Amino acid sequence: MDLLFKALADPGRRTLLDRLHANDGQTLGELCRHLDMTRQGVTQHLAVLEAANLVAVQRRGREKLHFLNPVPLQDIYERWICKFERPRLVALRDLKRRLEDGGRGATRTKGGKR
Amino acid sequence: MSATDRSTFVYVIFIRTTPERLWAALTDPKFVRQYWFDMTVECAWTKGSPWRLVGADGSLTDTGEILEVDPPRRMVIRWLNEWKPELKAEGPSRCTIQLEPVDAAVKLTITHEIDRRESRFITAVSGGWPRILSNLKSLLETGAIATTSHPGH
């Protein structure tokens, strides 16, 4: 998790992730093309992203392609969003149920469990 | 073919287990069901054998064939969606599953690709893989899964 947050804590690296999200599987040259960074800077940022497992590198022939790996972001979602959001969602569901039951009796279940 | 004529997603996860245990977790239908949204996988896991994914309600969601298999290191599945006509119309995709031991863990790499640009099928599966892999990791490392909801439900 430390490596992950450290990797995300830099605007240049977040830009690189955005670039890969828009167009996945790019070479270093392609990534450098539209960025205001030196090739060396991009290389260093990619190394940090790879260490955090946010970027996966695959070889295709002579080319080295960089892919965005979303799996660690899922971990952040589960650890830092999902867990904190769940009580509010449950509270909202209970409120809805109470209001619907109170207004119309206990027969309406529209929009309930799916 | 250049990479731009393809749609590719790559998923990498490190799981503290052995390649043998992870291979079993990927191929044992009872185990798969626990982390793959109640889906059942049907396959003999030999080269050329048919591969099928069946939903909890018994509906056939995906079909295919094992193109390569090298336990506990690598397998390649020809994968065709059967669930939505517009996804099936895109034709078969390839899913490569690679296991590499790294220190006390296994690096699991899933590469899912199809020979067309901006594939809707590849986008559709992209929502599912991170959750499936996250569940698989939790199950192997702690014995419990993190999320149970299927994307789109």
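Is A:Trp80 buried, partly exposed or exposed? A:Trp80 counts as partly exposed because its relative accessibility is 39%. Buried means under 20% relative accessible area, exposed over 50%, and partly exposed in between, with a 1.4 Å probe and protein chains only.

This is a predicted model, in which local features need pLDDT of at least 70, side-chain atom pairs count only at pLDDT 80 or more, and totals for chains, interfaces and linings use all residues. Residues are numbered from 1 along each chain as its sequence is written, chains are lettered from A and ligands numbered from 1 in the order written, and side-chain values use heavy atoms, without hydrogens and water.

**View 1. A nonpolar surface patch on chain A.** A:Met1, A:Phe5, A:Tyr77, A:Trp80, A:Ile81 and A:Phe84 make a patch of about 580 Å². Helix 5 (residues 71-104) of chain A gives the largest share, four residues. A:Trp80 sits in helix 5 of chain A. Patch residues have over 30% relative accessible area and no salt bridge; nonpolar side chains (Val, Leu, Ile, Met, Phe, Trp, Tyr) are joined within 5 Å, like charges within 9 Å. A salt bridge puts a side-chain nitrogen of Lys or Arg within 4 Å of a carboxyl oxygen of Asp or Glu. Areas come from the Shrake-Rupley method with a 1.4 Å probe; for residues, only the protein chains shown count as cover.

**View 2. Antiparallel strands 3 and 4 of chain B.** Five bridges join strand 3 (residues 50-54) to strand 4 (residues 60-70). B:Trp51 stands opposite B:Gly64. The hairpin has five residues between the strands, and B:Gly58 there takes a positive phi near 90°. Strands (E, at least two residues) and helices (H or I, at least four) are DSSP runs, numbered from the N terminus. Pairing needs at least two DSSP bridges.

**View 3. Strands 4 and 5 of chain B.** Strand 4 and strand 5 (residues 74-81) pair in the antiparallel sense over eight bridges. B:Glu65 faces B:Arg78 across the pair. Three residues link the two strands in a hairpin.

**View 4. The cysteine B:Cys95.** B:Cys95 is buried, at 0% relative accessible area. The whole structure has zero disulfides over all chains; a disulfide needs two cysteine sulfur atoms within 2.5 Å.

View 5. B:Thr111 lies in strand 7 (residues 105-114) of chain B. B:Thr111 is buried, at 6% relative accessible area.
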